Amino acid sequence: MGIFSSIEQFGEKFTNPVNLALGMFDGVHLGHQQVLSASQNHACDINGVSVAFTFPFHPASYLRPDSAPPLLMNAQQKARMLHSYGMDHVILRDFDEELSQVSARDFGVFLKERIPSVEGLSVGRNFRFGKGREGDSSFLEEVGEKMGMHVQVVDSKNMDGVAVSSSRIREALVSGEIEIVNQMLGRNYRIYGSVFPGKKMGRSIGFPTMNLDWNPQAKPAYGVYAGQVKNLNSGSILPAVANYGIRPTVEENVSSPKLEIHVLEEINEDEWGYDAEIEMSLNFFIRHEKKFSSVEELKSQISEDLNQAKGLHSNS
């Protein structure tokens, strides 16, 4: 897979037919996956390549920085996820002044001049484009037809009668509705990071944890989750419990939340030590974070959390 920051660079390198999947693709949820699949199918029909054209940062962060939505994943994670769903290449182009001034009517020409071999575009039904978001998917079909480009408009993926969307996932995530998040993603919510040294508070109370270097824009609800932890170096996968929050019982005036992972089985400390690259999936939400009256009360609750997590794992 190639990852390009310049649409011009991509257009110069590839002369075979191209289908572009256009969108922000934050989260790469079920609706996005339908667009990606449509792009791949058309690329196969024209003996070409499927390419996701997206942005590392939300366009609103350039146009309206104070109201830009927090992202579900960073650019590198998104590119990796787009590839995992079958895209041949990804263009991560900054949304800038040049792109903000391209009118909806000129958008097709803008793409064709930079990628002469583009023969198709795939978008979601709610896709908007052009200066001031003046163009919609229906207008893109008109633009494509005039230029001889095949435009596929893919209907939204609905869940409980409502379209799956990145904003809907963010709302469920901050509410602790991780099972609903996972349904809309079509996979379990995943966290990536490196293990770093902590204060060993968990070890001191009998529940050793790995501290993960992770600071997302769209934050999940503070609380306890059951899931699986994967060592990306060795490939080992183990059941685990993750606590995300500010640890109010044992620390005061903490403004930055941390992710702590307790593995439910014996681990090799060398394999899972500092700097290990970790993927943690959040499969179930157990409870919201709270401040306990004592460390003993906290320890009792942690024991209950671990038992509940084991039950969830055994039943899943």
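1. In this predicted model, strands β3 (residues 49-54) and β4 (residues 89-92) run parallel and are joined by four bridges. Within this pairing, Ala52 has Val90 of β4 as its bridge partner.

2. These two strands belong to an open sheet of six strands, paired in parallel, whose order reads β1-β4-β3-β2-β5-β8. The edges are taken by β1 (2-4) and β8 (150-154), each of which has a single partner strand, so that one side of each is left without a neighbour in the sheet. On average, and with direction ignored, neighbouring strands of this sheet are turned by 20 degrees against each other. Helix α7 (residues 137-147) packs on the sheet, where it touches β5 (118-124) and β8, and the direction of α7 makes about 165 degrees with that of β8.

3. A search of the whole structure for aromatic pairs finds twelve.

4. How do the axes of helix α8 and helix α9 cross, and at roughly what angle? The axes of α8 (residues 166-174) and α9 (residues 178-185) come within 8 Å and cross at roughly 155 degrees, which means that α8 is roughly antiparallel to α9. The crossing in which α8 passes α9 is left-handed. On the α8 side the contact involves Arg168, Ile169, Ala172 and Leu173, and these meet Ile178, Ile180, Val181, Met184 and Leu185 in α9. By class, the residues of this contact comprise eight nonpolar and one charged, with no polar residue.

5. A closed barrel, again of six strands, runs β11-β12-β15-β14-β13-β16, and its pairing is antiparallel. From one strand to the next, the twist averages 45 degrees.

6. Which strands does helix α11 lie across? Helix α11 (residues 295-315) lies across β13, β14 (237-245), β15 (258-263) and β16, and runs at about 105 degrees to β16.

Note on methods: Residues are numbered from 1 along each chain as its sequence is written. This is a predicted model: local features need pLDDT of at least 70, side-chain atom pairs count only at pLDDT 80 or more; totals for chains, interfaces and linings use all residues. Side-chain values use heavy atoms; hydrogens and water are left out. Axes are lines fitted to C-alpha atoms, for helices over the stretch in contact, and angles run from 0 to 180 degrees between N-to-C directions. Angles under 35 degrees count as roughly parallel, over 145 as roughly antiparallel, 65 to 115 as roughly perpendicular and the rest as oblique. A crossing is left-handed if the near helix is turned anticlockwise from the far one by less than a right angle, and right-handed if clockwise. Contact means heavy atoms within 4.5 Å. Ala, Val, Leu, Ile, Met, Phe, Trp, Tyr, Cys and Pro count as nonpolar, Asp, Glu, Lys and Arg as charged, and the others, Gly among them, as polar. Two strands pair if DSSP finds at least two bridges between them. Rings of Phe, Tyr and Trp (its six-membered ring) pair if their centres lie within 6.5 Å; planes under 30 degrees apart count as stacked, over 60 as edge-to-face and the rest as tilted.
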